Amino acid sequence: LQSKVNPQRAASVASSYLTRVMSNDDKIFIDRIGLYTLLRALSKSNKFEDAVMARKAWEWMEASDRVNVNLTSEACNLVTIAYSKNRTEEAAAEVLSFLSERIHRYRQGDEETVLPTKVGFSAAFIPLCATNRTNDAISLLKIMKALNIEPDVGSYISMLSAFAGRRTTNGAVQAQKVFHLMKEDMEDVPTAAFNAAINACAWVSGSPIVQRKALVVAFDLFEQARKENSYDSVTFGLIIKACMHLSRDDDSRMKLIKPVFELCAEEGLVGSMVEREMRHLASRIIPGKTPQEFAENAKDNKD
């Protein structure tokens with residue numbers, strides 16, 4: 001049903017059914033599969049009220065003596081995933097409250113308290129980092145480790161990706177902080193993490209000093225990616241995007257982008273993103289159609 005129905009419509013139906021279940025209507029039945037199906041529907045919605053309903057339903061299931069449903073960490077994940085679809089202050093506060101209550105109870109000796117897996121914790125990082133609550137996300141990361149829930153690459157990429165998508169003055173600095181934590185935990189940093197961090201820099205806005213700092217961080221990440229052979233055509237596209245967004249004028253952009261493009265072309269990594277970003281330059285570096293050999297290794301190249 002969920003695959004055929006609009007996610008918002010499916011969530012609305014799920015919310016309505018759960019409201020009836022929680023109203024003490026004995027005629028309404030729910031089992032483990034039903035609960036998971038309803039929570040999954042709510043987790044696919046981008047409405048804040050659907051995330052709130054997912055939490056209410058979860059907490060009602062914990063306390064109710066009317067149902068006998070075995071609550072699991074995977075189901076708990078669906079609550080935090082529902083909040084992750086809302087990059088708002090309200091969602092950040094709610095998801096942190098939900099997790100903090102559970103962690104407190106667990107640490108107080110209630111071993112029956114169900115905690116999410118690293119997937120659920122990682123989902124919580126998204127609204128926190130997207131609303132400038134990176135320190136809270138990092139504190140949560142440390143708690144994960146203390147609980148022997150080891151973060152993985154996806155945990156850090158969730159944090160890094162959340163810095164993009166809205167204009168901030170400190171996105172580059174925050175991304176750099178998270179990236180350094182990732183380097184401490186992991187021997188090899190994947191290309192996707194470098195790309196997410198560089199993209200965070202590209203979204204910075206503010207004074208020329210702020211933008212210059214973001215550009216320095218972006219190039220530092222770019223050089224690290226090349227040194228560790230952890231880059232692709234998208235990495236080049238993102239560093240060019242950062243140059244386009246963070247430079248003061250077209251002359252400054254050209255000075256930064258030309259050597260990057262030449263290196264990109266030499267490695268055959270001129271993909272769709274590189275070409276798309278460079279269309280915004282006042283003057284083209286390569287007049288006419290891009291030679292085929294410039295793009296032979298670009299995975300994001302259009303056929």
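**Notes on a helical model**

1. Let's start with Gln 211: at 17% relative accessibility, this residue counts as buried (buried is under 20% relative accessible area, exposed is over 50%, and partly exposed is in between, using a 1.4 Å probe and protein chains only). Gln 211 sits in helix H11 (helices are DSSP runs of H or I with at least four residues, strands are runs of E with at least two, and both are numbered from the N terminus). Leaving aside neighbours within four places in sequence, Gln 211 is in contact with Val 204, Ser 205, Gly 206, His 245 and Leu 246 (contact means heavy atoms within 4.5 Å).

2. A word on what you're looking at. This is a predicted model, where local features need pLDDT of at least 70 and side-chain atom pairs count only at pLDDT 80 or more, while totals for chains, interfaces and linings use all residues. Residues are numbered from 1 along each chain as its sequence is written, and side-chain values use heavy atoms, with hydrogens and water left out.

3. Now the inside. The largest nonpolar core has 103 residues (such a core is a set of buried Ala, Val, Leu, Ile, Met, Phe, Trp, Tyr and Cys residues joined through side-chain atoms within 4.5 Å). Which members touch the most others? They are Trp 58 and Leu 160. In soluble globular proteins, nonpolar side chains tend to be buried together.

4. Trp 58 is one of the buried residues of H3, and Asp 50, Arg 55 and Trp 60 are also among them. Helix H3 runs over residues 48–63, and its 16 residues reach 23 Å from first C-alpha to last, close to the expected 22 Å (the expected span is 1.5 Å times one less than the number of residues). The cover over the buried residues of H3 includes helices H1 (7–21), H2 (32–43), H4 (73–84) and H5 (89–107).

5. Leu 160 leads us to H9. Not counting residues up to four places away in sequence, Leu 160 touches Ala 175, Val 178, Phe 179, Ala 193, Ala 196, Ala 197 and Ala 200. Ala 175, Val 178 and Phe 179 are among the buried residues of H9, as are Gln 174 and Gln 176. What covers the buried residues of H9 includes H7 (134–146), H8 (153–162), H10 (191–202) and H11 (208–227).

6. On to charges: the structure holds 11 salt bridges (a side-chain nitrogen of Lys or Arg within 4 Å of a carboxyl oxygen of Asp or Glu). One joins Glu 228 and Lys 183, with the closest N and O atoms 2.4 Å apart. This pair links distant parts of the chain, 45 residues apart: Glu 228 is in the loop between H11 and H12, and Lys 183 is in H9. Glu 228 is partly exposed at 32%, and so is Lys 183 at 30%.

7. Arg 253 and Asp 250 also meet in a salt bridge, at 3.7 Å from N to O. Both lie in helix H13 (residues 250–266), three residues apart, about one turn of the helix. Buried or exposed? Arg 253 counts as buried, at 18%, and Asp 250 is buried at 18% too. Elsewhere, a network of salt bridges links Arg 55, Glu 59, Glu 94 and Glu 101.

8. Finally, two backbone details to look up. Asn 132 has a positive phi of about 65° although it is not a glycine, and this residue is in the loop between H6 (118–130) and H7. Asn 229, not a glycine either, has a positive phi of about 55°. Asn 229 lies in the loop between H11 and H12 (233–246) and is exposed, with a relative accessible area of 63%.
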